[in-house]
Amino acid sequence: MRRKKVKALLFTGMLAVSALLAGCSKNKDMDGKTVIEMVQYKPEAVEIFENLAQEFNSTHEDIYLKVESPNDAMTILKTRFIREDYPDIIGIGGDINYSYFVDSEILADISDYEGLKKIKQAYIDILEGLEFVPTEGIYGVPYVANAAGVLYNRQMFQEHGWQIPKTWDELMQLCEDIKNAGIQPFYFGFKDTWTCLAPWNALAVDLAPSDVCKQVNRGDTTFKKEYSQIPDKMLSLLQYGQNSPFAYGYNDACIAFARGEAAMFTIGSYAVPQIKSGNPELDIDSFVMPGSNRAEENVLNSGVDLQFCVTKECKNKEAAYKVLDFLLSHDMVQMYLDEQMAVPCVNEQFQLASILDGMKEYIEEGKMYDYQDHYYPSEMAVDAQIQTFLIEKDVDKFLEKFDRDWLRYNRDIIQKVKDYEKNQGK
């Protein structure tokens, strides 16, 4: 591994936490067993992974699975990579960090892993779409996904006879009907800037090309052109929320929705456990955000929430594959789905949470596109930019800044794309 390359591509300033990792040396052997170390990034799934590791270790005599679920796992991982201290398997999301890891040649090509045959092609395509330039090989095993659109109070809808909208005009009319019934249509938690991305992403899959970021990197278009409809529709949604939506955060919105203070919540399936903690009996369903008036073109906003990658420095790939086989077994996937209300990437029949009823046909058909923000560099702080725009309501200013910042923070990637295409004779 080329140390300088890794340092250049991963975020700087990570060495401050390196002292915390001084004791994290990998066990090469435990009672004659091969030790496979996994670091996973989901703090809400710590107990699940503890149970998975316990089950694996009780059923495998020759391999010991050691799972670590540190707080701020991505920072820990990047620091370890800089120090060339690699776990065998990492459990991460399908976002721009995965792109950095592939580009830095940290991950192993697992094209020979038989378990990939069980994975839905749509999610393998999503991971491949995250690569800055086309790369030979497969570097991640998609495990579970989440789905984002609109959560709604099913009982409230049934009591009022409201129908699920299939077009943007139908959604706007639904909001008027809900408002006329004396009920607030939406509740927003825009004090936490990241929540601004939920409706943004859900609209973008309908209104912009799925590969718009790559098109911009090639110089074929601009965000001002391709994102032209999204800001106005974000503002349209805003008028159907509570007063001062920027004074309330994610937890406030979850509590309010749980209490029935709004009929709908523009967020992903990942929010349901938090909502249910405030009202376990709440009957929640979901539907795909209809961003346009072409119902036949509606697409589910879904991305890889958790994937497993084997690092290039893994000394026992065969043992790592056995761990993956265990994780991909039907019972283990179902256990994860039950706990996290997630969407399976494994192409088998599973019992899905009822909150996904309205999205089931899209999941089964693989009719989905990834979250746009999975391509955004964190330095751009797009969530904060969207929040600022929603406050100022200046569309041109927002989109022009988006284009300028994209060129600024993606300079190296854009050059890499140009070099790649030049070498390809394009």
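Student: At what angle do helix α2 and α15 pack?
Tutor: Keep in mind that this is a predicted model. Helix α2 covers residues 46–59, and its axis lies 11 Å from that of α15. The packing angle between α2 and α15 is about 160°.

Student: Are α2 and α15 roughly parallel or roughly antiparallel?
Tutor: Their angle is about 160°. Anything over 145 degrees counts as roughly antiparallel. α2 and α15 are therefore roughly antiparallel.

Student: Which residues of α15 meet α2, and how many of the contact residues are nonpolar?
Tutor: From α2 come Ile48, Phe49, Asn51, Leu52 and Glu55, and they meet Met332, Met335, Tyr336, Glu339 and Gln340 in α15. By class, two residues of this contact are polar and two are charged. The nonpolar ones number six.

Student: Gln340 shows up in that contact. Is glutamine 340 buried or exposed?
Tutor: Glutamine 340 belongs to helix α15, residues 330–340. Leaving out residues up to four places away in sequence, glutamine 340 touches Glu44, Ala45, Ile48 and Pro273. Its relative accessibility is 16%, and under 20% is the cut-off, so glutamine 340 counts as buried.

Student: What is the phi of methionine 341?
Tutor: Methionine 341 sits in the loop between α15 and β9, with β9 at 343–344. Methionine 341 is not a glycine, yet its phi is positive. The value is about 55°.

Student: Where is glutamate 84, and how exposed is it?
Tutor: Glutamate 84 is in the loop between α3 (73–82) and β3 (89–92). Glutamate 84 also has a positive phi, near 55°, in a residue other than glycine. With a relative accessible area of 35%, glutamate 84 is partly exposed.

Student: Which residues of helix α5 are buried, and what covers them?
Tutor: Helix α5 spans residues 121–129, and its buried residues are Tyr123, Ile124, Ile126, Leu127 and Gly129. The cover includes both helices and strands, among them α4 (96–103), β4 (141–148), α9 (212–218), β8 (300–310), β9 and β10 (368–369).

Student: Which strands stand at the edges of the three-stranded sheet?
Tutor: This open sheet has the order β6-β5-β7 with antiparallel pairing. An edge strand has a single partner, so one of its sides is left without a neighbour in the sheet. The edge strands are β6 (264–265) and β7 (284–287).

Student: How many bridges join β5 to β7, and which residue stands opposite tyrosine 152?
Tutor: Strand β5, residues 150–153, runs antiparallel to β7, and four bridges join them. The residue in β7 opposite tyrosine 152 is aspartate 285.

Student: How are helices α17 and α18 arranged?
Tutor: α17 (residues 382–392) and α18 (residues 395–409) pack at an angle of about 165°, with axes 9 Å apart. Their crossing is right-handed. Given that angle, α17 and α18 are therefore roughly antiparallel.

Student: How many charged residues are in the contact of α17 with α18?
Tutor: Val382, Gln385, Ile386, Phe389 and Glu392 in α17 meet Val395, Lys397, Phe398, Lys401, Phe402 and Asp405 in α18. Six residues of this contact are nonpolar and one is polar. The charged ones number four.

Terms used: Residues numbered from 1 in each chain as written. Predicted model: local features only at pLDDT ≥ 70, side-chain atom pairs only at ≥ 80, totals over all residues. Heavy atoms only, no water. Helix = DSSP H or I, 4+ residues; strand = E, 2+ residues; numbered from the N terminus. Buried < 20%, exposed > 50% of the residue type's maximum accessible area, 1.4 Å probe, protein only. Contact = heavy atoms within 4.5 Å. Axes fitted to C-alpha atoms, helices over the stretch in contact; angles between N-to-C directions. Parallel < 35°, antiparallel > 145°, perpendicular 65-115°, else oblique. Nonpolar A, V, L, I, M, F, W, Y, C, P; charged D, E, K, R; others polar. Pairing = 2+ DSSP bridges. Left-handed = near helix turned anticlockwise from the far one by under 90°.
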